[in-house]
Amino acid sequence: VNSNVFASLGSFGNEGEAEAYSSAIDKVVSVGITHISAPGVYRLSGTTTKGYVKVDIDRPNPDAPLQEVILILDNVNITSYSDASSIPPIYSKGCNLTIILPKGSVNTITDTKTNLEKSAIYVKTGNLTIDGEGTLKVNGTYKSAIFNTKTLTINGGVFDLFAEYHAIYGETGLVINSGDITTKTGSGSIHVVHCRFFCLII
């Protein structure tokens with residue numbers, strides 16, 4: 001299914017606790033070329049071989065706290081475009097991003113070697129948190145599988161990560177509280193630079 005979808009919804013405040021994700025969903029999106037421009041909770045499903053999910057939250061006041069976007073991946077399979085100007089299959093900037101992997105779901109994210117950010121999941125500006133009991137398979141065919149310019153926290157999930165260079169690339173911090181992580185890389189599984197902290201809890 002290749003669909004052109006523009007997804008936008010209202011604010012999602014602090015009242016949306018983890019157990020309330022299902023009831024807090026304001027938008028259900030079939031993946032394709034998907035643009036998210038407002039904070040909120042989004043459930044994504046479907047398959048696309050030429051698409052992406054782009055989260056881009058405007059920040060009129062750069063000093064204000066980052067807003068939150070939550071993506072619930074419900075058996076998605078996303079492969080990005082192969083042209084010279086393609087962006088990662090999942091790209092986020094201007095917010096903190098949380099990815100939820102529902103129990104029983106299997107999600108596959110694949111980039112191409114023409115991807116501008118050289119990563120399959122690329123989070124710029126804000127923190128990235130991944131949680132849940134589902135499976136996330138990431139094929140970073142250009143450079144990295146998961147790239148975060150801030151702090152990456154993994155609270156759960158089953159991960160199968162392939163990357164030409166690094167499976168997980170962080171810049172200011174990495175916290176792994178739980179999860180089953182398998183990596184296959186051409187360089188190193190985990191790479192953290194300018195790190196304020198690294199925490200692995202088994």
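**A first look around**

Guide: Let's begin with a loop: Thr125 sits in the loop between β10 (119-124) and β11. Strands here are DSSP runs (E, at least two residues), numbered from the N terminus. This is a predicted model, where local features need pLDDT of at least 70, side-chain atom pairs count only at pLDDT 80 or more, and totals for chains, interfaces and linings use all residues. Residues are numbered from 1 along each chain as its sequence is written, and side-chain values use heavy atoms, with hydrogens and water left out.

Visitor: Okay, what is the phi of Thr125?

Guide: Near 85°, which is positive in a residue other than glycine.

Visitor: Switching topic, which rings are linked into a cluster?

Guide: Tyr91, Tyr122, Phe147 and Tyr169, through ring pairs. Rings of Phe, Tyr and Trp (its six-membered ring) pair if their centres lie within 6.5 Å; planes under 30 degrees apart count as stacked, over 60 as edge-to-face and the rest as tilted. There are three aromatic pairs by that rule.

Visitor: Why does the Tyr91 and Tyr122 pair count as stacked?

Guide: Their ring centres are 5.8 Å apart and the planes are at 5°, so the pair is stacked. Tyr91 is in strand β7 (residues 90-93) and Tyr122 in strand β10, 31 residues apart.

Visitor: What about Tyr122 and Phe147?

Guide: That pair is stacked too, with 5.1 Å centre to centre and 20° between the planes. Phe147 lies in strand β13 (residues 144-148) and Tyr122 in strand β10, so the pair ties together parts that are 25 residues apart in sequence. Tyr122 and Phe147 are both buried.

Visitor: Now β14, which residues sit on each side of that strand?

Guide: In β14 (residues 151-154), Thr151 and Thr153 are on one side, Leu152 and Ile154 on the other, and all are buried. In a regular strand, side chains alternate between the two faces of the sheet.

Visitor: Which strands does β14 pair with?

Guide: β14 runs parallel to strand β11 (residues 128-132), joined by three bridges, and pairs in the parallel sense with strand β17 (residues 173-176) over four bridges. Pairing needs at least two DSSP bridges between two strands. Thr153 stands opposite Thr129, while Ile154 has Ile176 in β17 as its bridge partner.

Notes:
Buried < 20%, exposed > 50% of the residue type's maximum accessible area, 1.4 Å probe, protein only.
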